[in-house]
Amino acid sequence: MWKTVNEHISVAINDDFKHTYKRQLQSTNTDKLFHLTNDTHNFLVKIALKSELDRLESESIGLKLLAQNSRFIIPDCIVTGANIEFSFIVTQWQKLDQQPHSTWNDMGKNLAYMHQKHDQAMFGFDVDNYLATTVQPNRWHKKWDVFYAEERIGWQLQLLAEKGIRFIEPERLINTVKEQLHSHRVTPSLLHGDFWRGNMGFVSTMPSLFNPACYYGDREVDIAMSELFAPLPDDFYTAYDQQYPLSKNYHKRKLVYQLYPILNHANIFAGHYLTQAKQHIEKLTTIGVK
């Protein structure tokens with residue numbers, strides 16, 4: 001495996017690379033992460049099964065897009081590849097600052113700047129990619145309510161149904177989501193797509209993002225996800241709102257947008273996330289968004 005990785009890196013950087021040090025890092029999913037160096041070059045290597053090469057290649061596409069369209073520090077993708085058993089992505093090694101971080105206002109300003117670039121007229125993305133390890137379909141749509149209800153909520157419900165899990169009649173929830181978003185006017189923004197604490201950090205105090213699940217959609221999706229699992233410091237939200245104020249009634253739409261990552265967790269991890277998803281759906285279908 002590591003001979004293949006070294007060979008791919010050598011071709012990519014046009015220099016003979018053979019690692020002299022390899023350290024496994026903590027990971028939040030089934031991927032294995034390693035810090036690889038030959039004392040001159042440092043890389044982060046993510047290892048997955050060979051069948052997951054497409055996921056790693058879509059990550060590479062997202063990283064390049066974020067680098068081109070934002071002020072964030074984005075690690076360069078060096079190369080992706082596979083051998084007979086494993087696939088891998090090699091990115092630039094970034095030494096993240098130790099917590100606590102003191103420049104969350106810059107994180108907020110940078111996200112607002114990225115969201116303010118409205119270069120795309122439709123909702124979706126050129127390729128399907130992944131939210132964590134779950135396929136994320138990105139067929140282009142003209143209407144945001146249709147895209148989100150079908151490509152996000154409907155898709156997750158289909159995956160759950162294939163596992164024998166059914167919280168609600170799918171069409172009922174899909175129609176509810178469409179109704180709740182129908183009157184909300186959205187101009188597509190480039191989204192990180194998996195915007196939570198685990199996919200961000202600071203490099204020499206400068207905000208950095210990684211592990212993207214990019215597509216063009218409602219900017220409120222990134223904000224809603226950031227508030228779900230481990231809300232960011234107030235400085236982040238204050239700076240974002242000063243740069244690009246959130247639309248009226250965001251606090252109500254947040255319930256709709258947080259359903260997608262909750263359903264994804266239910267699909268990946270099951271357990272208490274199934275209960276959380278059921279409760280969230282019940283709240284969503286009884287409260288409504290006006």
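In this predicted model, histidine 192 is in contact with Leu66, Met114, Asn199, Leu209, Phe210, Asn211, Pro212, Ala213, Cys214 and Asp222, leaving aside its neighbours within four places in sequence. Histidine 192 sits in the loop that runs between β8 (189-191) and β9 (200-203). Its relative accessibility is 0%, and because buried means under 20%, histidine 192 counts as buried. The side chain of histidine 192 also reaches the backbone nitrogen of aspartate 194, at 3.1 Å.

**Domains and their interface**

The protein chain is divided into two parts, domain 1 (1-92) and domain 2 (103-288). The table lists values for this pair.

| Item for domain 1 and domain 2 | Value |
|---|---|
| Separation of centres, over C-alpha atoms | 27 Å |
| Buried area | about 2000 Å² |
| Share of buried area from carbon and sulfur atoms | 71% |
| Salt bridges across the interface | zero salt bridges |
| Polar contacts across the interface | six residue pairs, both at pLDDT 80 or more |

What do Arg71, Phe72 and Ile73 of domain 1 lose to domain 2? These residues lose the most area in domain 1, together 33% of what that side buries.

In soluble globular proteins, nonpolar side chains tend to be buried together. The largest nonpolar core here has 63 residues, of which Met107, Trp144, Tyr148, Ile153 and Phe236 touch the most other members. Helix α8 (residues 250-269) gives the largest share of this core, nine residues. Both domains take part, since at least three residues of this core come from each of domain 1 (1-92) and domain 2 (103-288).

Leaving aside its neighbours within four places in sequence, tyrosine 148 is in contact with Ile153, Val177, Leu181, Val256, Tyr257 and Tyr260.

Definitions and conventions: Residues are numbered from 1 along each chain as its sequence is written. This is a predicted model: local features need pLDDT of at least 70, side-chain atom pairs count only at pLDDT 80 or more; totals for chains, interfaces and linings use all residues. Side-chain values use heavy atoms; hydrogens and water are left out. A nonpolar core is a set of buried Ala, Val, Leu, Ile, Met, Phe, Trp, Tyr and Cys residues joined through side-chain atoms within 4.5 Å. Buried means under 20% relative accessible area, exposed over 50%, partly exposed in between (1.4 Å probe, protein chains only). Helices (H or I, at least four residues) and strands (E, at least two) are DSSP runs, numbered from the N terminus. Domain bounds come from an automatic or database domain assignment. Contact means heavy atoms within 4.5 Å. Buried area is the accessible area (1.4 Å probe) that two parts lose on being put together, summed over both. A salt bridge is a side-chain nitrogen of Lys or Arg within 4 Å of a carboxyl oxygen of Asp or Glu. A polar contact is a pair of N or O atoms within 3.5 Å; within protein, one must be able to donate a hydrogen and the other to accept it, and residues adjacent in sequence count only if both atoms are side-chain atoms.
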